[in-house]
Amino acid sequence: MTVSEQNTPEQNDVLLDVQNLSVEYASPGTTPVAAVHDVSFTLRRGEFVGLVGESGSGKSTLGFALTRLQKPPARISGGRILFGGRDIRELGTEELRRQRQGGFAMVLQSGMNALNPVRTVGNHFADIFAAHGHVPRESRDARARELIGKVGLDPEVLKRYPGELSGGMRQRASIALALSLEPQLMVFDEPTTALDVLVQHAVMDTIKELQHAEHFTAVLISHDLGIVLEATDRVMVMHEGRIVEDAPSRKILDDPSDEYTRMLLSHYADPRAKTISIPGFVDLGTRRREGRSRTDVTETVPTVSERDSRRADAAIVVEGVSKLYPAPRRGQEAVTAVDDVSFRLEPGEALALVGASGSGKSTIAKLITGVEKPTSGTVRFGDTDVASLKRRGLRDLRKDVQMVFQDPYAALNPLHTVEYALTRPVMNYTKLRGQEARDRVLELLETVGLTPVEQFAAKLPHQLSGGQRQRVVIARALASDPQVLIADEPVSMLDVSLRAGVLALLEDLRERWGISMLYITHDLLSARLVTENILVLNSGRVVERGETSEVLQHPEDPYTVQLLDAVPNPARIR
């Protein structure tokens, strides 16, 4: 038997063979920036592989290259991509279009951005069927209904627009659209980013069931090693454009060979554990019991600068609050977003507001800041009834109560420098002008750990990392010297190694400045780290409340248990 005959069965089992692939970004008049360096690996038929790494590691660039979806200024600068033995780098536009049907497909990160907002979901299927011609005209409606059913959606969804669907439903629709090409290879690029833990868990279950039933090869791209380890059989870890580790999931968990992989694993913990410790943090409950501050435990994360600041002296009191919205469509019932909710946020307290998407968390934040008025009940800040405030009163309220928003990429104007973004609120809420206002801006940057301050003041948002942008958003919230911060999912879009820094910043502000914090999240681990008390919301109602560590270690409500069970936990694969 010859060597080639010996290798034939193994070669026939390989669907994708990537050899020394490099990708760079080359804009006119600039030096090319290498994003993927000399990467080689193979994917076998029916294999489910994870590709994990932090923002900027090159994982999404690699995913786009594998499916030939990269666009200028990105270009493949070297190597080969053999799909079924054929180098797809050599395919022309028409050949590539034909190859996609029955070949490869990609599910993009944001379901809303991946779908045309003015076309119904059914129109999207019709467009694909018409472009590729692989489904007879008379069978297209039935095929679309079949595909949408495979991802657990009702056929009624085909008549609806993307804006009428939840985040999880949009992501499922995107998966069904990719599946309509009957691909042998599916690349999922961050399919659960910014989804709450329950929806995230459901979407991942759908992906795993489809992969098993349809027998396609799958690549799951994510910055969340916990999700990847739970879902896949093999994991490739990417760092600075290179694959630094490629091993079975169990091997990655039990005996990682690369320091970067060990760092990623170190940022995971079970919210139900008696004591939680990740780099930069020991949970608040443990520190309180031991009488220690965060900086007594670790100083691996920069702390806020020392300065005189008024400490919070007014409580936020929510009493019997309900909020109803009109029916979204004729014939439907009104939507109850918040249902008879009551709680107090005491001065200097950190309170977590936890629940899945649609539980009413963000609506409560809008009621506290006066953006919305309650249908019934009262919201008070100190002696002030928030619902009674007019324009001037709301301005005064927002000097004291500031928001930190979820998405650091959307929260900053891309055309304005950091200095401009911070100068506006400084001038709006204080009497500072000119050099005094600039000095205050530089002080805010130092407060949030962005040094050297002069360099960061001159930067535009696209020149900052996700963690740095979120620090700028926090600095902007601090510009009015507030008593209360409402942090709405402040770390949900950040890499695990960046989350600890932002959480440490929020905790230091509370400890050193005496700021009250309402921490809105679906991330139970971060809630355990930085809050002392917790409210669990389900369908607008409070179903459980108490000390954070006690509630998460000994949950009483089935919904709280469901949230905890859905948290990605690498150790589960044991």
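Predicted model: local features only at pLDDT ≥ 70, side-chain atom pairs only at ≥ 80, totals over all residues.
Biologist: How are the rings of Phe 83 and Phe 104 arranged towards each other?
Modeller: The structure holds three aromatic pairs. In the one formed by Phe 83 and Phe 104, the centres lie 5.1 Å apart and the planes make an angle of 85 degrees. Planes over 60 degrees apart count as edge-to-face, so this pair is edge-to-face.

Biologist: How many residues apart in sequence are the parts that Phe 83 and Phe 104 tie together?
Modeller: Phe 83 belongs to strand β4, which covers residues 74-83, while Phe 104 belongs to strand β6, so their pairing ties together parts of the chain whose distance in sequence is 21 residues.

Biologist: What is the arrangement of the pair made by Phe 188 and Phe 216?
Modeller: The ring centres of Phe 188 and Phe 216 are 6.5 Å apart and their planes stand at 40 degrees, so the pair does not count as stacked, which needs planes under 30 degrees apart, nor as edge-to-face, which needs over 60. The pair links distant parts of the chain, 28 residues apart, with Phe 188 in strand β7 and Phe 216 in the loop between α8 and β8. The arrangement is therefore tilted.

Biologist: How much space lies in the second largest pocket?
Modeller: The volume of the second largest pocket is about 660 Å³, and among its 24 lining residues the closest to the centre are Leu 69, Met 106, Leu 108, Ala 114 and Ile 128. Its lining has 13 nonpolar, six polar and five charged residues, and β6, α5 and α7 each supply at least two lining residues. The space in this pocket is about 660 Å³.

Biologist: Which elements give two or more residues to the lining of the largest cavity?
Modeller: The search of the whole structure finds one cavity of 30 Å³ or more, and the largest cavity holds about 450 Å³ of space. Of its 29 lining residues, the closest to the centre are Asp 224, Tyr 268, Val 496, Arg 499 and Asp 523. The elements that contribute two or more residues are α8, α20 and α21.

Biologist: Is Ser 526 buried or exposed?
Modeller: Ser 526 has its place in helix α21. Leaving out residues up to four places away in sequence, Ser 526 touches Val 491, Leu 503, Tyr 519 and Thr 521. Because its relative accessible area is 2%, and the cut-off is under 20%, Ser 526 is buried.

Biologist: What is the accessibility class of Glu 319?
Modeller: Glu 319 is found in strand β13, and its contacts beyond four places in sequence are Val 341, Ser 342, Gly 377, Thr 378 and Arg 380. The C-alpha atoms of Glu 319 and Arg 380 are separated by 8.5 Å, although these residues are 61 residues apart along the chain. With a relative accessibility of 40%, Glu 319 counts as partly exposed.

Definitions and conventions
Residues numbered from 1 in each chain as written. Heavy atoms only, no water. 1 Å grid on protein atoms, 1.4 Å probe; cavity = no way out; pocket = protein on both sides within 12 Å on 5 of 7 lines; lining within 4 Å. Points joined across faces, edges and corners; volume = space filled by probe spheres on them. Helix = DSSP H or I, 4+ residues; strand = E, 2+ residues; numbered from the N terminus. Nonpolar A, V, L, I, M, F, W, Y, C, P; charged D, E, K, R; others polar. Phe/Tyr/Trp six-rings, centres within 6.5 Å; stacked < 30°, edge-to-face > 60°. Buried < 20%, exposed > 50% of the residue type's maximum accessible area, 1.4 Å probe, protein only. Contact = heavy atoms within 4.5 Å.
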